Amino acid sequence: MTPEQTGNSADATEPARYVIDEASVLGRNRRILLATLVQAGAVTATATYVGCGDSGGVEDVSVEMPAEAPFDMAALVTVFAERGVFENGEWQTTIVEQQLSIEQALRDFADEVIDVVHGGWENGDGGSGSVIFDCQAGTVRIEHTAYFTDSDYEETTL
């Protein structure tokens with residue numbers, strides 16, 4: 001699955017936006033997860049991630065509820081997943097339904113969407129960030145920080 005990247009190339013200050021097709025696995029799961037969170041009364045859900053040196057992933061998943069109302073992270077939700085099987089010399093991909101805990105479904109969604117939008121983020125110096133489900137706005141926002149080593153070489157001959 002490749003997201004369509006949109007942006008105004010005439011204005012270099014305008015950031016690119018990624019559009020996840022509503023019919024795609026990520027688009028369907030985004031809709032399901034937001035609806036599940038809203039139905040439970042959640043304000044936001046956040047998956048934080050960090051990594052470097054070719055490894056990393058979601059470290060924590062939390063759900064903010066109003067007035068300290070409880071939230072059951074173990075409750076099950078039905079989401080979609082792509083499954084690949086190598087048959088007859090080629091990969092065959094199918095989409096299957098699976099039941100996961102809400103925590104695991106949020107974790108899996110975050111891992112997949114980070115890879116789509118910031119592929120390779122965990123390589124080299126890595127990066128970190130959050131995938132935030134804003135239940136009131138009905139959106140998912142990725143706040144990402146890329147890490148890098150900088151150097152400034154200078155040579156002077158007198």
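**Close-up views of strands and loops**

**View 1. The loop between β5 and β6.** In this predicted model, Asn88 is placed in the loop that lies between β5 (76-87) and β6 (90-101). Although Asn88 is not a glycine, its phi is positive, at about 50°. Is Asn88 buried or exposed? Asn88 is exposed, because its relative accessible area is 80% and the cut-off for that term is over 50%.

**View 2. The hairpin of β3 and β4.** Strand β3 (residues 44-52) and strand β4 (residues 55-64) run antiparallel and are joined by nine bridges. One of the pairings seen here involves Val50, whose bridge partner in β4 is Gly57. The two strands form a hairpin with two residues between them, and Gly53 in the turn has a positive phi of about 60°.

**View 3. Asp54 in the loop between β3 and β4.** Asp54 has its place in the loop between β3 and β4, and its phi, near 75°, is a positive value in a residue other than glycine. Asp54 is exposed, since its relative accessible area is 54%, and exposed means over 50%.

**View 4. The pairing of β3 with β7.** Besides its bridges to β4, β3 also pairs with strand β7 (residues 127-134), in the antiparallel sense and over eight bridges. Which residue of β7 does Tyr49 stand opposite? Tyr49 stands opposite Gly129 in this strand.

Notes. Residues numbered from 1 in each chain as written. Predicted model: local features only at pLDDT ≥ 70, side-chain atom pairs only at ≥ 80, totals over all residues. Heavy atoms only, no water. Pairing = 2+ DSSP bridges. Helix = DSSP H or I, 4+ residues; strand = E, 2+ residues; numbered from the N terminus. Buried < 20%, exposed > 50% of the residue type's maximum accessible area, 1.4 Å probe, protein only.
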